[in-house]
Amino acid sequence: MFEGFKDGGRDENEQDMYELEYDEDMLDDDEEEEEEEEEEEEDDEEEGLSWISWYCSLVGHEFFCEVDEDFIDDEFNLTGLSVMVNYYNEALDIILDIENDDEDRLDKNELPLVEMSADVLYGLIHARYILTRAGLQQMAEKYENAEFGTCPRYYCNFTPVLPVGKTDQPDRDTVRLFCPNCLDIYNCQSSRYSLVDSAYFGTTFPHLFFDTYPEFLPTNPIKLYIPKMFGFRISEYSRTGSRMLWLRQQPENFNSEVPPSDKKTPLLIENKEKPKEENKKDNDWDGSSLQQGQDV
């Protein structure tokens, strides 16, 4: 009756099961401790990050660059924004990580509004910052790495694009992508950018960027899609014919840094002066060439 019991009456199989359960409990405890340590490390990292770094690291904010706090501290750079953004002072304190006693006085319902105002304020500041030398340089680094994506047009051959806005006013449109090869704008391919406002990049940025860094302009000739039917090119007068030729045409030496010759300037001046001479002749006309019975 007691032959199968050892070590204080415990069966060998039962003892093995007890040891396995004990080892599993120890492993679970170790995994929980590791997870807690990782969470604590992540919390410490988030606490060490500034609000600007945290904001730019969010999903969907990959297009943004980190605005220098010295730029934000200069009140001249923020001229006119206090009228456009609600809770301006509170939002500015959040962006600069300034602890303010006024935040404790706000209602719980107002805190989300202040955070939204900080989002809008940083976006409008960002639109101004990327027009400066420091901002253009940061965006140039992103452009070299093609962080903004490439043109979806087939014949642009994966030309890197830049974010652009259709308007400088907030809450009007979302950010678009500008291609320097076909000189057209496109929708962002990912829906994560559908909440990024158009005014956070503005209408000026991509054109000023390529004017500052002309070496980034593509030099490949533009290719056009030619629609054909049974091997024959479809007429441009057809409803299904190509109408992109005149849109994609560019002047000679378009990508050249050498300006056009001054020989063309007098021609433009002469063309502008011609209508004045014609008008003068018309005013001096005395009607001597008018025949009798002829209506003017």
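Let me begin with a definition: a residue is called buried when its relative accessible area is under 20%, exposed when that area is over 50%, and partly exposed in between, using a 1.4 Å probe and protein chains only. By that rule, aspartate 173 is buried, with a relative accessible area of 19%.

A word on the basis of this talk. The structure is a predicted model, in which local features need pLDDT of at least 70 and side-chain atom pairs count only at pLDDT 80 or more, while totals for chains, interfaces and linings use all residues. Residues are numbered from 1 along each chain as its sequence is written, and side-chain values use heavy atoms, leaving out hydrogens and water.

I return to aspartate 173, which forms a salt bridge with arginine 176; their closest N and O atoms are 2.7 Å apart. A salt bridge here is a side-chain nitrogen of Lys or Arg within 4 Å of a carboxyl oxygen of Asp or Glu. Arginine 176 is buried as well, at 18% relative accessible area. In general, side chains of opposite charge can pair when their charged atoms come close.

How many salt bridges does a search of the whole structure find? The search finds 3. One of them joins lysine 142 to glutamate 147, at 3.2 Å from N to O. Lysine 142 counts as buried at 16% relative accessibility, whereas glutamate 147 is partly exposed at 35%. Another joins glutamate 62 to arginine 192, with the closest N and O atoms 3.1 Å apart. Glutamate 62 sits in the loop between α2 (51-56) and α3 (69-73), and arginine 192 in the loop between β5 (184-186) and α9, so this pair ties together parts that are 130 residues apart in sequence. Helices (H or I, at least four residues) and strands (E, at least two) are DSSP runs, numbered from the N terminus. Both partners are partly exposed: glutamate 62 at 25% relative accessibility and arginine 192 at 43%.

The largest nonpolar core has 52 residues, and Ile72, Leu121, Tyr122, Phe201 and Phe209 have the most contacts inside it. Such a core is a set of buried Ala, Val, Leu, Ile, Met, Phe, Trp, Tyr and Cys residues joined through side-chain atoms within 4.5 Å. Helix α7 (111-129) gives the most to this core, with 6 residues.

Which way do helices α8 and α9 run relative to each other? Helix α8 (residues 133-144) and helix α9 (residues 205-212) pack at an angle of about 85 degrees, with their axes 11 Å apart. Axes are lines fitted to C-alpha atoms, for helices over the stretch in contact, and angles run from 0 to 180 degrees between N-to-C directions. The two helices are therefore roughly perpendicular. That word covers 65 to 115 degrees; angles under 35 count as roughly parallel, over 145 as roughly antiparallel, and the rest as oblique.

Finally, helix α5 (residues 88-95) is mostly covered, with 6 of its 8 residues buried. These are Tyr88, Glu90, Ala91, Leu92, Asp93 and Ile95. Just after α5, aspartate 97 takes a positive phi of about 60 degrees. Aspartate 97 lies in the loop between α5 and α6 (102-105), and counts as partly exposed at 43% relative accessibility. Phenylalanine 158 also has a positive phi, near 60 degrees. Its place is the loop between α8 and β3, and at 64% relative accessibility phenylalanine 158 counts as exposed.
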